[in-house]
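Open the model in your viewer and have a selection tool ready. The stops below go from a pair of strands to a pair of helices.

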Amino acid sequence: CGEPFHLVGHSHGGAVAIAYATRFPESLSSLALIEPTLMHLLQVCNSPAWPEAQALGTKHMDAVSRGASAQIADEFLPYWIGDDAWQNMPGDRRAAIIDTMPAVAQFWASEFAETTPVEKYEQLDVPTLLVRGTRTRATAREIISLLKGLLPNSRLVEVEGAGHMAPLTHSSDVNDALANHLARFRHK
């Protein structure tokens with residue numbers, strides 16, 4: 001970009017954003033992470049939420065290896081977006097999401113192989129907004145809590161009543177949090 005910029009990521013996009021930030025912090029004015037799926041952090045920090053993440057990922061990879069993408073989508077999507085949202089989704093959209101299950105299995109494999117040490121996060125002194133819903137999954141809640149404790153320049157915003165898909169279900173609250181964050185670091 002030629003000058004420092006603001007980087008925002010949600011879910012897997014948040015995991016990608018913080019991976020970028022740990023490698024190129026000088027390129028960022030700020031970072032905003034909305035429930036990043038840094039599952040490896042649960043393992044590295046010996047979190048009580050790790051067994052849930054490990055079981056979910058292992059089951060997902062196993063199902064995809066057996067060609068059972070539709071069956072694992074029926075478990076994976078409700079975990080993150082809720083049963084109603086998944087069951088009420090139009091068939092063509094469901095089919096497109098089911099087609100992504102092998103890529104999600106690759107995500108799990110990469111998270112299980114990730115070796116980023118805790119110190120990398122402790123050294124990341126980029127102004128960071130952490131966003132989580134008050135009704136999110138234990139894994140996402142714990143990842144944000146861990147990051148809040150590790151990142152030296154972070155601020156937490158909780159979105160009341162939201163789950164993992166807060167950018168869609170509570171878009172005005174998330175947008176307000178992001179706008180306030182960006183305004184604070186506009187000239188950095």
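**Strands, then helices**

Select E3 and strand E4 (residues 154-159): the two pair in the parallel sense over 6 bridges. Strands (E, at least two residues) and helices (H or I, at least four) are DSSP runs numbered from the N terminus, and two strands pair if DSSP finds at least two bridges between them. Within this pair, Leu-129 stands opposite Arg-155 in E4. From E3 the chain crosses through helix H9 (residues 138-150) to E4, a right-handed β-α-β crossover; with the strands pointing away from the viewer, the path from the first strand over the helix to the second runs clockwise.

This is a predicted model: local features need pLDDT of at least 70, side-chain atom pairs count only at pLDDT 80 or more, and totals for chains, interfaces and linings use all residues. Residues are numbered from 1 along each chain as its sequence is written, and side-chain values use heavy atoms, with hydrogens and water left out.

Now color E3 (residues 128-133) by burial: 6 of its 6 residues are buried, meaning under 20% relative accessible area (1.4 Å probe, protein chains only). Thr-128, Leu-130 and Arg-132 point one way, and Leu-129, Val-131 and Gly-133 the other.

Last, select helix H4 (residues 69-81) and helix H6 (residues 91-98). Their axes, lines fitted to C-alpha atoms over the stretch in contact, come within 9 Å and cross at roughly 105 degrees. H4 and H6 are therefore roughly perpendicular (65 to 115 degrees).

Notes
Buried means under 20% relative accessible area, exposed over 50%, partly exposed in between (1.4 Å probe, protein chains only). Axes are lines fitted to C-alpha atoms, for helices over the stretch in contact, and angles run from 0 to 180 degrees between N-to-C directions. Angles under 35 degrees count as roughly parallel, over 145 as roughly antiparallel, 65 to 115 as roughly perpendicular and the rest as oblique.
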